[in-house]
Amino acid sequence: MQEKSPPKTPLRSPKVGLFVTCLVDLFRPSIGFAAVKLLQDAGCTVEAPASQICCGQPAYNSGDRRDAKAVARGIVDAFEGFDYVVAPSGSCAGMIREHYPQLFAGDAAYEARARNLAERTHELVSFLVDVLHVKNVQARYDGTVTYHDSCSGLRELGVKHQPRALLNGVAGLTLKELPGAEICCGFGGTFCVKYPEISNRMVSDKIADAAKTGAGTLLAGDLGCLLNMAGKATRAGVDLECRHVAEVLAGMTQDLPPIGQAKK
Amino acid sequence: MSFAEAPTSRNFKQNASAALRNETLQRAMGYLGFTQKRAEAVARLPEFEALRDQARDIKDHTLKHLDFYLEAYEAKVMESGGHMHWCRTPEEARRTILDLCRSVGARSVTRGKTMIGEEIALNPFLERNGIEPVETDLGEYIIQLRGEPPSHIIAPAIHVTKEQVADTFLEKHAAYGKTRLLTEPREMLEEARGILRGKFLKADAGITGANFLVAETGSSIIVTNEGNGDLTQLLPKMHIVLATPEKLVPTLEDASTILRLLARSATGQEFSVYTTVSTGPRRRADPDGPAQYHVVILDNGRISMLGTEFQDMLRCIRCSACLNHCPVYNAVGGHAYGWVYPGPMGSVLTPGLIGVDQAGALPNASTFCGKCESVCPMKIPLPKMMRHWREREYEAKLSPAIARWGLAAWAFAARRPRLYRALTRPAMAVLGRLGKRRGNFANLPLAGGWTEFRDMPAPEGKTFHQLWAERSR
């Protein structure tokens, strides 16, 4: 099988496989289209292979390695042949980059391919900034936003300055730092339903911290965390719009209501 | 009360629930303050990251050659006039310590802070055998009076409010003629200090733990902030060190490398107030010291962790950085974990020591946010090992059947794109339509764990792949 290594120098028009992620596919396809726009604007050719489903993290983190591998094989197969694979999620990109090599260790058929995929895989915003060297996006967002650093992106992939760098270039947008931005929001995949009360405490603290900043919008780079935070904000009656950072960077917020809110 | 005698780790979920509703506990936990101080201490030490690598390498090397270093250590202890006692089980360790205490006719023993003492439920055992154990660390002393186990490794009474301490002292110190309700921490400290002074002078044996055992010299090292450890080990006739094999480091130099990380990671201090190195009993020229020096080494399952995916856990130096930074620990406190070691390090170590069947809930109680690993001075991959425990639990079919079936059904669909899309598209279409007006659901069948506390945001309706296919047509 033909293996592609990540290009050493940026390609003029790299072929990017978009890993939509299962949550974006089901709940908020607009994030996927925002990613497509950002990647195309940066000169990429984007495809979203139809056979992709999920990175396998729910099984992996539940201790079910066999099913995790079975699901993950589908991703390795689906993203053969792309220069890069990009996901609008630090968690799913982190799963592929940091965990696939371990998950497939000793698997004769998949180990090398999984390693190769891991090398080519990136979280969306860090890909734009670190690999494509995007300095500015053409977007406008009138309002003050605050940003939550989702754990996997932050600690597994070092996503921290990249979203801030691009957000600071969005016309009309003021970024106000969130105290405790690096503290987990309490989502944690199945954790939030296995331990709902603890999760509730964590997300309540997060929403309170976000509200205290005075920002009207809370952004993050992972839809899992955003569903959790948005669901808590509406339940608690806190006036806070939750959005994926890609929606703002792609200038796609006009016709798209915030997560968990109805169209006005 | 002792967790070692009656673990409640199985009930973590219920324990956590009660802790979240316990207003006194929540007030006591409040703001720990350690995390900020640690961050400042780390920022002041440019080589902190390099030290973490060195410390990890020192322990990895020691664990790889543990048999060699244990023998070297034993030889040095004996050379300096000390005695070694090897114990496999808590039972053996308790019995050994009791025999040692009886050999000097001990009526009371002072105790420096040891987690191993908690692990073997030493205090209740000594009491049952007619020996009064006296905890001399202020926090440990407070919870001993209250009959509670510690809820934090270095701040054992973190769950107790100032007012509760005052009440406890008023009740328990009446026997010493103290009958005034105190309001200021300083006064409480002075009262406890006065009472402990008498206990120190009366004690026939002193039992401490060890932060390090040094193979090169046969020394044990303890760190304290109160100086209680020194009085515990210097004043009585007999000093008993209760430790576990993984406390070993090859040299004093190695110990000092790791000591540079320990206090900074724990409290943000550059060094603990007292760092005390003990080597053997009192020598002829020494001004003070115990006549007998004994080291009790307890294994209790640690050796069997060597060579497994849990070996890295044996690098732990009990600094508590992982507890201090853990959002779950901060929400529920240490007692919810139901055994001796709380927080992320406990979630990895406890299943290793009392079994994953007893403690499987602990490694599940993590979002894998990774904060613990990022602050661990010994670079222990805590989330990875919690995942390994989940694997052991899953393989042994200890996780709830409904969760396993759900997972299996999901995994079956998630590797069959056509089936998966055939199932999810109509579901999302229906949810999208039903949720359009509100934008979210306050209730959803089968999603009670979610909607009990938060709304479920409604999906947009069509899936990405549906729209993508329509677009490319």
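Q: What separates the centres of domain 1 of chain B and domain 2 of chain B, taken over C-alpha atoms?
A: The distance between the two centres is 53 Å. This structure is a predicted model. In chain B, domain 1 is 9–160 + 204–303 and domain 2 is 412–472.

Q: What are the domains of chain A, and how many Å separate their centres?
A: Here domain 1 runs over 15–130 and domain 2 over 135–249. Their centres, taken over C-alpha atoms, are 22 Å apart. The two domains of chain A also touch: domain 1 gives 28 residues to the contact, and domain 2 gives 23.

Q: Which elements of chain A give two or more residues to the side of domain 1 that touches domain 2?
A: They are α1, α2, α3, α5 (90–103) and α7 (124–131) of chain A. By class, this side of domain 1 of chain A has 14 nonpolar, nine polar and five charged residues.

Q: What makes chain A as compact as a globular protein of its length?
A: First, its make-up: chain A has 13 helices and eight strands. Now set two values side by side. The radius of gyration of chain A is 18 Å, and the globule rule gives 18 Å for 264 residues. The values are close, so chain A is as compact as a globular protein of that length. Its C-alpha atoms fill a box of roughly 55 × 45 × 30 Å along the principal axes.

Q: How much of chain A is buried?
A: A residue is buried if 20 or more other C-beta atoms lie within 10 Å of its own. Of the 264 residues in chain A, 61% are buried. For contacts in chain A between residues at least 6 apart in sequence, 77% join residues at least 24 apart.

Q: What are the corresponding values for chain B?
A: Chain B has 24 helices and twelve strands. Its C-alpha trace spans about 95 × 55 × 45 Å along the principal axes. Buried residues come to 48% of its 473 residues. Take the contacts in chain B between residues at least 6 apart in sequence: 74% join residues at least 24 apart.

Q: How many residues of chain A are in contact with chain B?
A: There are 57, and they are in contact with 53 residues of chain B. Several helices of chain A each supply at least two residues to this side, among them α2 (29–41), α4 (65–78), α11 (196–212) and α12 (223–236). The side of chain A that touches chain B has 30 nonpolar, 15 polar and twelve charged residues.

Q: How do you know that the span of α12(A) agrees with what it should be?
A: Do the check. α12(A) has 14 residues, and at 1.5 Å a residue they should span 20 Å. The end C-alpha atoms of α12(A) are 19 Å apart, which agrees.

Q: Why is α12(A) called largely enclosed?
A: Because 13 of its 14 residues are buried, α12(A) is largely enclosed by the rest of the structure.

Q: Which residues touch the most other members of the largest nonpolar core?
A: The core has 210 residues, and the ones that touch the most other members are Ala35(A), Leu38(A), Val86(A), Met229(A), Leu249(A) and Val296(B). Take Ala35(A). Leaving out residues up to four places away in sequence, Ala35(A) touches Leu18(A), Val86(A), Pro88(A), Leu124(A) and Ala246(A).

Q: Why is Ala215(A) called buried?
A: The cut-off is 20 or more other C-beta atoms within 10 Å. Ala215(A) has 21, so Ala215(A) is buried. Ala215(A) sits in the loop between α11 and β7 (217–220) of chain A. Beyond its neighbours within four places in sequence, its contacts are Thr144(A), Val145(A), Thr146(A), Lys176(A) and Ala210(A). Glu177(A) is 38 residues from Ala215(A) in sequence, yet their C-alpha atoms are 9.3 Å apart.

Q: Is Phe368(B) buried or exposed?
A: Phe368(B) has 23 C-beta neighbours inside 10 Å, so Phe368(B) counts as buried. Phe368(B) lies in the loop between α18 (361–364) and α19 (371–375) of chain B. Its phi is positive, near 55°, in a residue other than glycine.

Q: Is Leu446(B) buried or exposed?
A: Leu446(B) has 8, so Leu446(B) counts as exposed. Leu446(B) is in the loop between β11 (440–441) and α23 (448–451) of chain B. Leu446(B) is a residue other than glycine with a positive phi, near 70°.

Terms used. Residues are numbered from 1 along each chain as its sequence is written. Chains are lettered from A and ligands numbered from 1 in the order in which they are written. This is a predicted model: local features need pLDDT of at least 70, side-chain atom pairs count only at pLDDT 80 or more; totals for chains, interfaces and linings use all residues. Helices (H or I, at least four residues) and strands (E, at least two) are DSSP runs, numbered from the N terminus. The radius of gyration is taken over C-alpha atoms; the globule rule is 2.2 Å times the number of residues to the power 0.38. A residue is buried if 20 or more other C-beta atoms lie within 10 Å of its own, exposed if 12 or fewer, and partly exposed in between; C-beta atoms are placed from the backbone. Two residues are in contact if their C-beta atoms, placed from the backbone, lie within 7 Å. Ala, Val, Leu, Ile, Met, Phe, Trp, Tyr, Cys and Pro count as nonpolar, Asp, Glu, Lys and Arg as charged, and the others, Gly among them, as polar. Domain bounds come from an automatic or database domain assignment. A nonpolar core is a set of buried Ala, Val, Leu, Ile, Met, Phe, Trp, Tyr and Cys residues joined through C-beta atoms within 7 Å. The expected span of a helix is 1.5 Å times one less than its number of residues.
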